[in-house]
Amino acid sequence: MSPSQIENKLIEPEPEHCPGPESNVAGKDDACKGCANQEICSSQIPKGPDPDLPEINKRLSLIKHKILVLSGKGGVGKSTFTSMLSWALAADEDLEIGAMDLDICGPSLPKMLGADGESIHQSNSGWTPVYVSDNLGLMSISFMLPDQDLAIIWRGGKKNGLIKQFLKDVHWGDVLDYLIVDTPPGTSDEHLSVTSYMKEVGIDGALIVTTPQEVALLDVRKEIDFCKKAGIKILGVVENMSGFVCPNCKHESQIFKPTTGGGEALCKELNIPFLGSVPLDPRIGKCCDSGECFFDHYPDSPASNAILEVVDRLRDQIELNLNSLKIN
Ligand code: SF4
């Protein structure tokens, strides 16, 4: 039974702590007590593993590295960083890179990667992503909308269905070196769906984007807790908009003050890798708005150097993880 069929059977939306109407404990779990769907869930909905899992695993097994990009809060530049990470990895012509935009209600990667208004094509092999360069493909719900200004007002089951289709039906080519998955801020349906579908094949880990001020770091702690609960390795934290260097007078100012030590202090406290700080550069926003690669235009800027260092450290972390898995 598809997620939307399940959703149609329910008389109320699933509550926050729902174990999943198709799970083996549906209707019987402690979280189900008092839920209006309890009777339906415990009797009518077929239980057991998703029948599409083998197909999803087959697709994902062709992808060497899978990275989730997370942020506790909106507005910290997560999608901007995802686009920069994708450009940076794709600068190596020997690599094949895929970016998957799972921010279903607010997809912004097509604009940032210069693929606004494109549409996907279907072939016998599946959905073909939109290629923004020879070795960088992109998949986003935005490519499936008749009008970019339409609001997407979907409940969990429908989002889950689309994510499943993205993982099952997108043909990234024979081999993909990196799949970068941009998720919405927080920990919601999209995160639960993607982590549960990718669990069997394995995710290399999550990269968490934050800004330096405490109000953003508070939500990073929740994101870290989510990763621990979901069994996802944290590859590291990136502090974005960390200082602003005026392009004219070169004076550096702190727009978001790290009142409690910023991302680096948080990483030390929680013993997780700190991947680096990226300064605020208004030219990044300009390049993202026009879908152009920032590195091509400003290769020697402090922001370009900082992002490339973060990408190097990220790749080191992925290698470290793989090596420790081999040893264990
Ligand atoms: S009864 Fe349980 S499984 Fe069903 S919707 Fe409610 S919380 Fe979810």
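The legends below describe close-up views of a predicted model.

In this predicted model, local features need pLDDT of at least 70 and side-chain atom pairs count only at pLDDT 80 or more, while totals for chains, interfaces and linings use all residues. Residues are numbered from 1 along each chain as its sequence is written, and side-chain values use heavy atoms, with hydrogens and water left out.

**View 1**
Glu-22 sits in the loop between helix H1 (3-9) and helix H2 (38-43). Helices (H or I, at least four residues) and strands (E, at least two) are DSSP runs, numbered from the N terminus. Glu-22 counts as partly exposed, at 37% relative accessibility. Here buried means under 20% relative accessible area, exposed over 50%, and partly exposed in between, with a 1.4 Å probe and protein chains only. Between the C-alpha atoms of Glu-22 and Asp-316 there are 39 Å in space, and the two residues are 294 residues apart in sequence.

Under "binding site", an unreviewed UniProt entry lists Gly-72, Lys-73, Gly-74, Gly-75, Val-76, Gly-77, Lys-78 and Ser-79. UniProt positions are given in the numbering used here, feature names are shortened, and annotations may be inferred rather than shown by experiment. Lys-78 belongs to helix H4 (residues 78-90). Is Lys-78 buried or exposed? Lys-78 has a relative accessible area of 5%, so it is buried. Leaving out residues up to four places away in sequence, Lys-78 touches Val-69, Leu-70, Ser-71, Asp-103, Asp-182, Thr-183, Pro-184, Pro-185 and Val-209. Contact means heavy atoms within 4.5 Å.

**View 2. Glu-223 in helix H8.**
Glu-223 is part of helix H8. With 1% relative accessibility, Glu-223 counts as buried. Not counting residues up to four places away in sequence, Glu-223 touches Leu-70, Ser-71, Gly-72, Gly-186, Thr-187, His-191 and Ile-208. One of these, Gly-72, is also in the "binding site" list of the unreviewed UniProt entry. Another, His-191, is one of the buried residues of H7. Asn-124 is 99 residues from Glu-223 in sequence and 38 Å from it in space, C-alpha to C-alpha.

Why is helix H7 (residues 189-198) described as largely enclosed by the rest of the structure? Seven of its 10 residues are buried, so helix H7 is largely enclosed. The buried residues of H7 are Glu-190, His-191, Ser-193, Val-194, Thr-195, Tyr-197 and Met-198.

**View 3. The crossing of helices H8 and H9.**
The axes of helix H8 (residues 214-230) and helix H9 (residues 262-270) come within 11 Å and cross at roughly 35°. Axes are lines fitted to C-alpha atoms, for helices over the stretch in contact, and angles run from 0 to 180 degrees between N-to-C directions. The crossing of H8 and H9 is right-handed. A crossing is right-handed if the near helix is turned clockwise from the far one by less than a right angle, and left-handed if anticlockwise. On the H8 side, the contact is made by Leu-217, Val-220, Arg-221 and Ile-224, and on the H9 side by Gly-262, Gly-263, Leu-266, Glu-269 and Leu-270. Five of the residues in the contact of H8 with H9 are nonpolar, two are polar and two are charged. Ala, Val, Leu, Ile, Met, Phe, Trp, Tyr, Cys and Pro count as nonpolar, Asp, Glu, Lys and Arg as charged, and the others, Gly among them, as polar. An α-helix has 3.6 residues a turn, so residues three or four places apart point the same way.

Met-241 is placed in the loop between strand S9 (234-239) and strand S10 (244-245). Met-241 counts as buried, at 15% relative accessibility. Apart from neighbours within four places in sequence, the contacts of Met-241 are Gly-75, Val-76, Gly-77, Thr-211, Pro-212, Phe-256, Val-278, Pro-279 and Leu-280. Phi of Met-241 is near 50°, a positive value in a residue other than glycine. Asn-271, in the loop between H9 and strand S12 (274-277), has a positive phi near 60°. Asn-271 is exposed, with a relative accessible area of 71%.

Cys-246 lies in the loop between S10 and strand S11 (252-253), and Cys-249 is in the loop between S10 and S11. Cys-246 is buried at 17% relative accessible area, whereas Cys-249 counts as exposed at 52%.
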